[in-house]
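This report describes selected features of the structure shown below.

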Amino acid sequence: MEEMPLIQPWGDVEGPVPEVPTYLDEIARHVMQRYDMQVNEIQLITTKPDKGGAIWYIATDKGPRSLKCLHRTPPRSLFSVGAQEYVVSKGARVPALIPNQDGLLYTEAGGKLWIVTDWISLTPASKADLTGAQTLCYGLGEFHRHTQGYVPPQGAIVASRLYGYPKQYYKIWNKMSWFRHIAQAYHDMPASARLLAMIDRYEQQALTALYNLEYHSPYLSLIARGEETWGLVHQDYGWSNGQEGPGGLWIIDLDGVAYDLPIRDLRKLISGTMDDMGFWDVTWMKGMIDAYQAANPIEPELFQMMLLDFAVPNEFYKNVKEVVFEPHIFMDEQFDALLQKIDQTEDSKWAALQEFGIRLQNPPADYRPNPLFVELRRPTTPLQAEDAAKLQANWYLPPEPQAAPLPSSPATVYEPKPVPAEAVHTAPLKETPKVALQENLQEMQTIQPKVKKQTSKQPLKPATKPVAKSPAKPVSKAATKATAAPVQPVQPVQPVSQKLADLTANQLIQGIASPEKLLSKEDTKQLLVEMGISPEVAERAISKQNSLASTMISFSLLMQTLQGKGKK
Amino acid sequence: MKVLLIVTEKLPVPPVRGGAIQTYIAGIAPQLARHHDLTILGRTDPLLPDHEVADGITFDRVPGGHFELYRQGVVSYLDGKQFDLIHIFNRPLMVSAVRQAAPNARLILSMHNDMFLPNKITAEEAKLAIADAERIVTVSDYVGRTISNLYPEAAPKLKTIYSGVDLNRYLLSTEAQRVRQELRDLHGLNGKKVILFVGRLSPKKGADILLRSLPQLADKHPDAALVMVGSRWYSDDNISDYVAYVRALAARSPIPVVTTGFVDAAEVHKWFWAGDVFVCPSQWQEPLARVHYEAMAAELPIVTTRRGGNPEVIDGQNGIVIDNPEDPASFAAAISDLLHNATKRRDFGKHGRVLAERNYGWERVIREILEVWSG
């Protein structure tokens, strides 16, 4: 591929007409050439100048399509690309990614990932009545259900907000004092008096939410189920990213998806709708929640979490947080009027939450947020064996024949619109697209591990006899033949040493950073057994030091396997 | 003895890209190498060869950046090598791997911050690290306490060795007086009483609290000025909410606020020379900020907070400890006290220098580390 400039942000906000720099147009043209299509017309639809992303409408001989430059870093975008492919395979109404001529579902160019999908003709659901909102909620429930079980491709940076609730609540609480100090320092501004008078109430709400999150909520037990169990949350869902199209509601712009509790999208959608209405309407809220539940039932604990997430002063925070930037301009009469409106809406919000049965404990007077809880983060412990096995498997394998969709909860009153059967997919997948990860990962990763030439390493101590000698020959012999073959589906009877040998050099190099992704504990054990070590000793070696032993064993195996291939 | 120091995976040694631990190791290594056969194992860097011998120290470098990757590199590096003693810096997660790879070496672990907290290491792994290490050296009593509170079995292995400062570089010489005047001229600080803040702009470091104390100071000290060193005020694009907040507060400050932007570590001592009162408004339980040693070495009286290890280096004659760090009025009172009283400022500064010379030079750090190594 010829040299292309790296795509950089080119401005702050989009002007009246979307524009991109000339070089980006050129990269777009270059990207389009890598697809099996004749492009007759190109039209820039929307841009993210501050992030470096854009969407084009392209008329092709294969029909109207969309070309999108994802603004995030490639490993981060890979997470959402994998997610999009996954939900399509599960039958979600999300535009399917069209493979390029290399069979890849994305094209890397200019330091970004690009995707091509069919252009689906969509119309926004009605915003004026509850039916439109219900359509949106039902579609959201379907989407969430389809995302369950998603495992990102290797090399993807995982996007997760599942563990971020304490930090988020804390941040909102903590910033209330910033707002207060700004209002004090800028007391001569029109809105400062009202802002000062309002802050106490919202500060207390945020603290109460944080306190309940830690001590009186099912949060920790819910997130303990893990990211894949919960699946993905869109994070930017509303009337523009969920629209009606062939077969029902379509969901687009998946770039921001992250593991999360599914109620986050629903909560945001309801908060936003109520905020826009200027009144928290229980009938609407019930209708929206019921419609969601018809597609994806909410268990009682999760419902409780949703109520708690409502209790956070989200709307106040969202409207006020910009005050730290240029308060001498921001806190004008207009802002004062906005504050007035927020305060008026607030009473109806709490009346509505009461009707849903919200129960909050007041924090004790001496309550201070617990720093350990606030700094909760994704667990660093290695993936469990079954996860590793999943990662080993070919994540883009053709979807299994579709299971019948879950029946919607009989208790619910919401019935989605009937779907015309012929209009389900505008572009059914003709063949399974390949995602040649092994070729692209290396360019994408920021860490480029070097492989030492001297690799005849002794394995670790746990085994009673040396394990380096016996397997070295078959492994490295087999290894020399494999070069850049795509990942093979794992055969059930395949010996583990063979499995290792079948991996490409690049995969092995990538695997050094986390070999447990290449080799599960079970496989590590089996490999040791294949080397002639007794199963008991192997078992002990692996279980001895948590995952460390297996990690290191697999590392030394990788080192052996690497001998004779892929040394660069 | 054949001794190996294992640096963290983040930054290389020598500290061509900065880093507190890296600076620390660079400060002590040349002297240590006079007593022992010293190898430093760190991460690779485009600016540095993977292997070199310099100043009698062997440097070996394996790929870093990512901890797991680095740990595996360390393990494979150790294979077939013999060291009498291996000193691991700030990575308890490294200890058991090294123990397995070098079963006969003595292991020492140095702790520079809170890597033993439960969100950084599981109890199982922490206990293994404690069991495998012969001694655990900490940069403050506070860091040691955070370990022994969680793992009482660590207590007998703990030893505080305070960090050090280059005493010569910070010495308030005639040249230093000239530089002080130059900097003050350059930034319109002539005739001002300069309050000095050195550090990142982050909520943990508390610049916002210091700024909020200024209105209360201004009445009594209209001739005061605040200098904020090393903080990134105007980064190219997205400034964080916190930086915006601090800037908004500074814009309404009744006394001048001078910001220097990023200052190279090799130049930062000059700003210590230019100050009159040094303030460390840390809000978090920090291990023990290096700036305290630097302020003492430059004869500056200190106002710091009762957070983490910071109060351990204040004896009442070199600075003031704020018991309630969230309260701007406490800062205003302490700073005001020092600004009022030139004699007190001078006495505190002089005493700080005496303490620094007695306790916080690199010589003392080296001596104590050698003692730990000798068993």
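In this predicted model, the centres of domain 1 of chain B and domain 2 of chain B, taken over C-alpha atoms, are separated by 31 Å. Domain 1 of chain B is made of two segments, 2-164 and 361-374, while domain 2 of chain B spans 167-359. To the contact between them, domain 1 of chain B gives 14 residues and domain 2 of chain B gives eleven residues. On the side of domain 1 of chain B that touches domain 2 of chain B, helix α5 (residues 141-150) of chain B supplies the largest share, three residues. By class, that side of domain 1 of chain B holds five nonpolar, seven polar and two charged residues.

Chain B also contains an open sheet of six strands, with parallel pairing, in the order β11-β10-β9-β12-β13-β14. Its edge strands are β11 and β14 of chain B, each of which pairs on one side only. From one strand to the next, the twist averages 20°. In general, the strands of a sheet pair through backbone hydrogen bonds, in either a parallel or an antiparallel manner. Strand β10 of chain B is joined to β11(B) by three bridges, and these two strands run parallel. Within this pairing, B:L226 has B:V257 in β11(B) as its bridge partner.

| Strand | Residues |
|---|---|
| β9(B) | 193-198 |
| β10(B) | 224-229 |
| β11(B) | 257-259 |
| β12(B) | 277-279 |
| β13(B) | 302-305 |
| β14(B) | 319-322 |

Helix α12 (residues 328-340) of chain B lies across β9, β10, β12, β13 and β14 of chain B. The direction of α12 of chain B is at about 160° to β12(B).

In chain A, helix α5 (residues 192-215) packs with helix α13 (residues 333-355) at an angle of about 25°, and their axes are 9 Å apart. Because angles under 35 degrees count as roughly parallel, α5(A) is roughly parallel to α13(A). The crossing in which α5(A) passes α13(A) is left-handed. From α5(A), the residues A:R194, A:L195 and A:M198 meet A:D336, A:L339, A:Q340 and A:D343 of α13(A). By class, this contact of α5(A) with α13(A) comprises three nonpolar, one polar and three charged residues.

Terms used: Residues numbered from 1 in each chain as written. Chains lettered and ligands numbered in written order. Predicted model: local features only at pLDDT ≥ 70, side-chain atom pairs only at ≥ 80, totals over all residues. Pairing = 2+ DSSP bridges. Helix = DSSP H or I, 4+ residues; strand = E, 2+ residues; numbered from the N terminus. Axes fitted to C-alpha atoms, helices over the stretch in contact; angles between N-to-C directions. Contact = placed C-beta atoms within 7 Å. Parallel < 35°, antiparallel > 145°, perpendicular 65-115°, else oblique. Left-handed = near helix turned anticlockwise from the far one by under 90°. Nonpolar A, V, L, I, M, F, W, Y, C, P; charged D, E, K, R; others polar. Domains from an automatic or database assignment.
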